[in-house]
Amino acid sequence: MYDSVINLLNSIESERYKEKVTLNAVLDTDLLILDDLGTESNYDFFKSTIFNIIDTRLNRSKSTIINTNLNLGDIGTKYGERVYSRLVGNYEQICFSGKDVRLQKRHEQIRSRK
């Protein structure tokens, strides 16, 4: 399952008082890819849901890939010690650096029009 964190959180929140179809799918899928962690608002429901997703998936030995532009210090500040310790203690961090691919493509489009 692949989606941005904000899309998943919005779906989970919309099902808050109903059958939790999205949350159950997120917790049960064999591989979850969370894109753009940290772009969602600093809302307690979202923060607690992120913790629940990470903690439950770790306890169930489910694979999760998390993409973020936040550094580890920012993750600790935004999500707290419990999320920070689970991410640092249980995930391999891979740092990617370089030029923004979207900006590079846009510059190429502009150059090709000239």
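1. Angles under 35 degrees count as roughly parallel, over 145 as roughly antiparallel, 65 to 115 as roughly perpendicular and the rest as oblique. In this predicted model, the axes of helix α2 (residues 21–28) and helix α3 (residues 44–59) cross at roughly 40° and come within 9 Å. The pair is therefore oblique. Axes here are lines fitted to C-alpha atoms, for helices over the stretch in contact, with angles from 0 to 180 degrees between N-to-C directions.

2. On the α2 side, Leu23, Val26, Leu27 and Asp28 meet Asn52, Ile53, Thr56 and Arg57 of α3 (contact means heavy atoms within 4.5 Å). By class, this contact has 4 nonpolar, 2 polar and 2 charged residues. Ala, Val, Leu, Ile, Met, Phe, Trp, Tyr, Cys and Pro count as nonpolar, Asp, Glu, Lys and Arg as charged, and the others, Gly among them, as polar.

3. The protein chain has 6 helices and 3 strands, in the order β-α-α-β-α-β-α-α-α from the N terminus. Both are DSSP runs numbered from the N terminus: helices are H or I with at least four residues, strands E with at least two.

4. Mean pLDDT (the predictor's confidence in each residue, from 0 to 100) is 95 for the protein chain, and 100% of its residues reach 70 or more. Confidence is highest in α2, at a mean of 98, and lowest in α6, at 88.

5. Residues are numbered from 1 along each chain as its sequence is written. Local features need pLDDT of at least 70, side-chain atom pairs count only at pLDDT 80 or more, totals for chains, interfaces and linings use all residues, and side-chain values use heavy atoms, leaving out hydrogens and water.
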